[in-house]
Amino acid sequence: MGFCPICKTSANLEQPNGGDYRRVECRKCGKYQITGSALSMLETRLSTDDRKAVARLSHATRLMAATTDSEWPEINSVNLDDLLKRPLPTIDRQMTNLLVWTAAQLEDDHLGAVELPDEEDLTGVIGTIDGRRVEDLISRAEGEGLIEFVPDDCISITTRGWARLQAPVAEKGEAVNVPAATDVVAKVDRVIKAHCNKCRGLTNSLVRAEYTVTGNDGPISWSDSFEVLQCCGCDSLSVRQEHWFSEWDEMDYDEYGRMAMCPGIKEVYYPAPTVRAKPAWSDNIADEVLRNVLEELYVALNAGLNVLASVGARTLLDRAGYLLIGDPRGGFEGKLSALQSGGHISAQEKTTLEAVADAGNASAHRGYTPTVERLGHIVDIIENFLHRAFILAGAAEEIRKATPARRKSP
């Protein structure tokens, strides 16, 4: 037992052996795991007095758990700031969240009733700040005829409430009527599993619009289907294209051992799925050249251009060294030695940065292609160096200036 790092409610905590993360089961925030770096960042970004920020992160964590297949959705240094920035849902959406939670407890027992837990426990599920607001919301839902009390401590969903949750299904080739943003009651389009770059994986997504073009040339047929998708977790939009070509169809066995046709479909997303997200702090680097090279590094990573990504990491190191100590003689070895003698890096960090420089040189001059795992380590090293040298150094100076000096005793 312990306390949830987000809401400070008593929770079950687990520290897996050999893992730099903590797993949390909280009755308000749900099940999640948080990395050590995100946990350190949380202390500076989340104050217990800031109830709204706590509520935002608690609700965002619940949404992440509901829209991904992972048993332990992860809060890390990459997505923490995005989660904290997500606004709380509108009152109308909060009532929908209450209905969704109730329906999940009822499953297929549409005439059943659910015992209400403590109002504070529903704040993260519904997306509101405290238990009093949850109580007000439940009263509103009852007043609108969406739920009814059975008896005083249980609620059931009315026919009107179930109708609100019902999702209209659109067949292929039929237009999907997208509800206007000003509708009093939000209508939900059909939900599918699709990739989301922000949530980093398969999530429940709404199909907001779709269009299919078909063609044939005698016995050969093809089709292109385009769907505009909205992630149910982060609301980000993307387009999925499914290209079917009849010559790609194959016969295979289904789960019951029967012969079945497997359609030859190629799936493409726009924008393309992110292999590695650019860190949020990168936009705070003052030097424009360094920012642009870092941006191109992640473009290369996400496009699978491993050679260019390796060369890009070397270029980042070269530019960073120039900004910190100029351009000493001796190539990269001279630059790294000057960085060490100038107190910018330690002897151990010099050794790790030499590995980055060597890999980049091999890629640039001998066409060396690092594996995905090794390239990940290269980017880890260069990210840590840039973050410390160009972000944390300035942050430490600001902290130093803002800290009041100790008063001298008379």
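Reader: What order do the strands take in the open sheet of three strands?
Author: First, a caveat: this is a predicted model, where local features need pLDDT of at least 70, side-chain atom pairs count only at pLDDT 80 or more, and totals for chains, interfaces and linings use all residues. Residues are numbered from 1 along each chain as its sequence is written, and side-chain values use heavy atoms, with hydrogens and water left out. Strands (E, at least two residues) and helices (H or I, at least four) are DSSP runs numbered from the N terminus, and two strands pair if DSSP finds at least two bridges between them. The pairing in this open sheet is antiparallel, and the order is β6-β8-β7.

Reader: Which strands are at the edges?
Author: An edge strand pairs on one side only. β7 has its partner in β8, antiparallel over three bridges. The edge strands are β6 (114-115) and β7 (147-149).

Reader: At about what angle to β8 does helix α4 run?
Author: Axes are lines fitted to C-alpha atoms, for helices over the stretch in contact (heavy atoms within 4.5 Å). Angles run from 0 to 180 degrees between N-to-C directions. Helix α4 (residues 91-106) lies across β6, β7 and β8, and its angle to β8 is about 95°.

Reader: Is Thr 158 buried or exposed?
Author: Thr 158 sits in the loop between β8 (154-157) and α7 (159-165). Beyond its neighbours within four places in sequence, Thr 158 touches Gly 145, Leu 146, Ile 147 and Glu 148. Buried means under 20% relative accessible area, exposed over 50%, and partly exposed in between, using a 1.4 Å probe and protein chains only. Thr 158 comes in at 15%, so it counts as buried.

Reader: How many residues make up the largest nonpolar core?
Author: A nonpolar core is a set of buried Ala, Val, Leu, Ile, Met, Phe, Trp, Tyr and Cys residues joined through side-chain atoms within 4.5 Å. Leu 294, Leu 301, Leu 316, Leu 317, Phe 385 and Leu 386 have the most contacts inside this one, whose total is 30 residues.

Reader: Which helix gives the most to this core?
Author: α8 (288-302), α9 (306-325), α10 (331-341), α11 (347-366) and α12 (372-402) each supply at least two residues. The top contributor, with eight residues, is α12.

Reader: How far does α9 reach from its first C-alpha to its last?
Author: The expected span of a helix is 1.5 Å times one less than its number of residues. With 20 residues, α9 is expected to span 28 Å, and its reach is close to that, at 29 Å.

Reader: Which helices do the buried residues of α9 pack against?
Author: The buried residues of α9 include Ala 309, Ala 313, Leu 316, Leu 317 and Ala 320. Leaving out residues up to four places away in sequence, Leu 317 touches Phe 332, Leu 336, Leu 353, Ala 357, Ile 382 and Phe 385. The buried residues of α9 pack against α8, α10, α11 and α12.

Reader: Which residues does the cis peptide bond join?
Author: Most peptide bonds are trans. Here the exception has an omega of about -5°, and Pro 271 is in the loop between β15 (265-270) and α8. The cis bond joins Tyr 270 and Pro 271.

Reader: Is Glu 107 buried or exposed?
Author: Glu 107 lies in the loop between α4 and β6. Its phi is positive, about 55°, although Glu 107 is not a glycine. With 61% relative accessibility, Glu 107 counts as exposed.
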